[in-house]
Amino acid sequence: MDKMLIVSANPHIRDKSSITKVMHTVNITLLPAIFASYWFFGFRAILLILVAIVSCVITEAAIQKFRKKPVTVYDGSAILTGILLGFNVPANIPWWIVMLGSIFAIAIAKQAFGGLGFNIFNPALIGRAFMVASWPVQMTSNAYWTQPYSGKTMDAISSATPLNLVKTALKAYPNQETINIIKDAGVGYMDLFIGNVSGCIGETSFLALLAGVIVLIALGIVNWRVPLFYIGTVFILTWLMGYDPVFHILAGGLALGAFYMATDMVTSPITNKGNIIFATGLGLLTVAIRIYGGYPEGVSYSILLMNTAVPLINKFTVPKKFGFVEPKRA
Amino acid sequence: MKYTFKGGYHPPDGKRYSEKMLIEKMPSPKIAAIHLHQHIGAPSKAIVNIGDEVKVGQPISEPGGFVSVPVHASISGKVKAIAKITDAAGNKSDAVIIESDGKDELFEGVGQKVDYYCFSADEIKKKIASAGIAGMGGARFPTHVKLSPPAEKKIDYIILNGVECEPYLTADDRLMQESPDTIIEGLKLIMKAVNAPNGMIGIEKNKPDAIRIMKEKTESESNIKVIELEVKYPQGGEKQLIYAALGKEVPSGGLPMDIGVVVSNVGTANAVYEAIALNKPLYERIVSVTGESIMNPKNLLVRIGTPTTELIEYAGGLKEDVYKVVNGGPMMGAAMYALDAPVHKGTSGILCLSRQNAAVCEEHPCISCGKCVTVCPLRLLPTDIQLNIQYKNYEQAEKLGILDCILCGTCAYVCPAKRNLVHYYNVGKAKIAEMKKKK
């Protein structure tokens, strides 16, 4: 036998899946939402997403080069962070804010923790939190939200997001019906569903995000329990509290958060039971922030808060092993 | 009703290479190296000397304790040496090396029909022990020990394991199709040995021919039932099989006998029959020589101690693209670095894999996707256990249940980060055993 054989631990055959495949699949399923962002917010949306992707990839490669680690930007995870971060900004924001946000997301939230797999927080959301804290006006004031379609033809027209509208209106007249408030602003449930409303560029289209996540659930990449329990909790809670549950599901960043941010494998629990607890907690926090908090929207902060609880959830949801025997009490 | 367990995964099964190949008797080798320690338990002690003449089926060692079995000469000829030889797992251990005289003469009494109906339970067990039978599914636990439960433990069920959930392997499948009667007789003998009222034969649904034949043959037996199991790895794991068949969980740290069950491989049942009815000790077994990188995949009846190289040559040799040769199945077998290692009592297959299927993958950090948790048939947290072992936190790994791990490798199979989980479990188990010894 002149040929050398390979010896390694079993199993000797492996599934063909890989991190790279998983990440690129997620990126591909985001294409409908990217298209929706172009459709509603024009070319500027694509430009901002590209700025975010390029900044993320270059930051990751530069840090890995500098630290003499293998450069892993081809695995698609930096691209994913870029897309999600780009989705999280209003269309009128200056591009350099997005760039700085992306650098912060990758450098601090991901690489400083040790890179993919070791980060505690969703990097894109840390990027967003960083931008909200540093440039609150550009990130949240009504002047930077734009009306759909307006960016395509002329200078974008600024417009408040539905959640903003409702929050302000309800503060003035707490007994109004949500559906009437948004109808007065020229928005219906259908507009919210397809994304024809003002908001962050990637979050408005429930439909496009739903199409993507259905593929991911079918492929077993996303645990369906997270979006179901997250959205379910928001629905039930807002309904019980006398608000309009359909509006609360369709408006704001809930779809993007529940489908693509909370389901991030690295920053969510590992067991199904843990994921249900995680998602229910997300629903509670989101409703609490939306109803009682100072911000109109609470998805990103609730995900970041629940990210911190993941190790604890993992600790308390260790499954009972096969053939578990109750230890005898002495 | 669906007979299965929770968790698990179905890898592409690769049975097509050899499932239609009839069992062929391979010519006996010129030189056989028979290891003295082919089972779990104490090694056996050689009772022959260099220069002795031995015949086929002659015992050449004696058990080294209760949990031990003897080995037998598989060819007739002269004992050439007793030396340390590399075994299938890559370790060097003592073996008796016999040079053939080409006559293949049988030892006195071997192969003679015995009227065994009047045998008592104890006689059956004694025969099984002296025939050197150890679990032929691969684990090689001495069968007579399994059949000797303490008096207070009553055995209700004997389950024969014909699941063969390992991809590629077809030895048990062929045996069930070609020799169903001996398996059923063997099952009855095992039932008699422990006075068990019920027998079951578990077969995965991807072996319809074996299921049909075994069902036909057991039609008239009211207390033997053939069960069709869902196709999923590791359905043939002892605990998984019992759960699928009876819905009972073997307690953690316990044995099947704790819940009144004994599981035995169909090959073992066949060997039990041969040992008792034909007075034939375990000196040959069926081996699937298969995989995409062997010229002519075959199911062979091989003398124990035959070098692996001879099996490969007999099957037409290796293809150019061979990358790994595995003793056993692809999920739990041992990769071989020395192909002259001899066939042992647990060698269910010699698997020749190509680079395309067996590529060693680069390990990436865990992304906590939880796939391993979903597939673990013992409901452990594979990723957590692995990390604890990597950082030498063995006590925590033990708390998380590493000792319950059956090393089936399903977690590593599905891992998208290609982490070598089983490698760490091996390290962890060894370290914990070492720590316990010190205490």
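Trainee: How many residues does the contact take from chain B and from chain A?
Mentor: Chain B puts in 53 residues and chain A puts in 32 residues. Two residues are in contact if their C-beta atoms, placed from the backbone, lie within 7 Å. Before we go on, this is a predicted model: local features need pLDDT of at least 70, side-chain atom pairs count only at pLDDT 80 or more, and totals for chains, interfaces and linings use all residues. Residues are numbered from 1 along each chain as its sequence is written, while chains are lettered from A and ligands numbered from 1 in the order in which they are written.

Trainee: Okay. Which element gives the most to the side of chain B that touches chain A?
Mentor: Strand S14 (322-327) of chain B, with four residues. Helix H9 (355-358), H13 and H14 of chain B also each supply at least two. Helices (H or I, at least four residues) and strands (E, at least two) are DSSP runs, numbered from the N terminus.

Trainee: And what is that side like by class?
Mentor: It has 33 nonpolar, 14 polar and six charged residues. Here Ala, Val, Leu, Ile, Met, Phe, Trp, Tyr, Cys and Pro count as nonpolar, Asp, Glu, Lys and Arg as charged, and the others, Gly among them, as polar.

Trainee: Let's stay with chain B. How many helices and strands are there?
Mentor: Chain B has 14 helices and 16 strands. Its radius of gyration is 21 Å, close to the 22 Å that the globule rule gives for 439 residues, so chain B is as compact as a globular protein of that length. That radius is taken over C-alpha atoms, and the rule is 2.2 Å times the number of residues to the power 0.38. Along its principal axes, the C-alpha trace of chain B spans about 60 × 50 × 50 Å.

Trainee: What share of chain B is buried?
Mentor: Buried residues are 58% of the 439 in chain B. A residue is buried if 20 or more other C-beta atoms lie within 10 Å of its own, exposed if 12 or fewer, and partly exposed in between, with C-beta atoms placed from the backbone.

Trainee: Why is helix H11 of chain B called largely enclosed?
Mentor: Because seven of the nine residues of that helix (residues 382-390) are buried. Among them are B:Pro382, B:Ile385 and B:Ile389. The cover includes helix H10 (371-375), helix H12 (394-399), helix H13 (410-414) and helix H14 (421-438) of chain B. Just after H11(B), B:Lys392 takes a positive phi of about 60°.

Trainee: What about helix H3 of chain B, how many of its residues are buried?
Mentor: Six of the eight (residues 171-178), so H3(B) is largely enclosed by the rest of the structure too. Those buried residues include B:Asp172, B:Asp173 and B:Arg174.

Trainee: Switching topic: where does B:Asn195 sit?
Mentor: In the loop between helix H4 (180-194) and strand S9 (198-204) of chain B. B:Asn195 has a positive phi of about 60° although it is not a glycine, and it counts as exposed, with 10 C-beta neighbours inside 10 Å. B:Asp104 isn't a glycine either, and has a positive phi of about 55°. B:Asp104 is partly exposed, with 15 other C-beta atoms within 10 Å.

Trainee: Which peptide bonds are cis?
Mentor: One joins A:Asn10 and A:Pro11, with omega about -5°. A:Pro11 is in the segment before helix H1 (19-29) of chain A. Another runs from B:Tyr233 to B:Pro234, with omega near -10°. B:Pro234 lies in the loop between strand S10 (224-229) and helix H6 (238-246) of chain B.

Trainee: Last one, over in chain A: at what angle do helices H2 and H12 pack?
Mentor: About 165°, with their axes 7 Å apart; H2 is residues 31-41 and H12 is residues 206-218. That makes H2(A) roughly antiparallel to H12(A), a label for angles over 145 degrees. Axes here are lines fitted to C-alpha atoms, for helices over the stretch in contact, and angles run from 0 to 180 degrees between N-to-C directions.

Trainee: Which residues make that contact?
Mentor: From H2(A), A:Pro32, A:Ala33, A:Phe35 and A:Ala36; from H12(A), A:Ala208, A:Leu209, A:Ala211 and A:Gly212. They divide into seven nonpolar, one polar and no charged.

Definitions and conventions: Angles under 35 degrees count as roughly parallel, over 145 as roughly antiparallel, 65 to 115 as roughly perpendicular and the rest as oblique.
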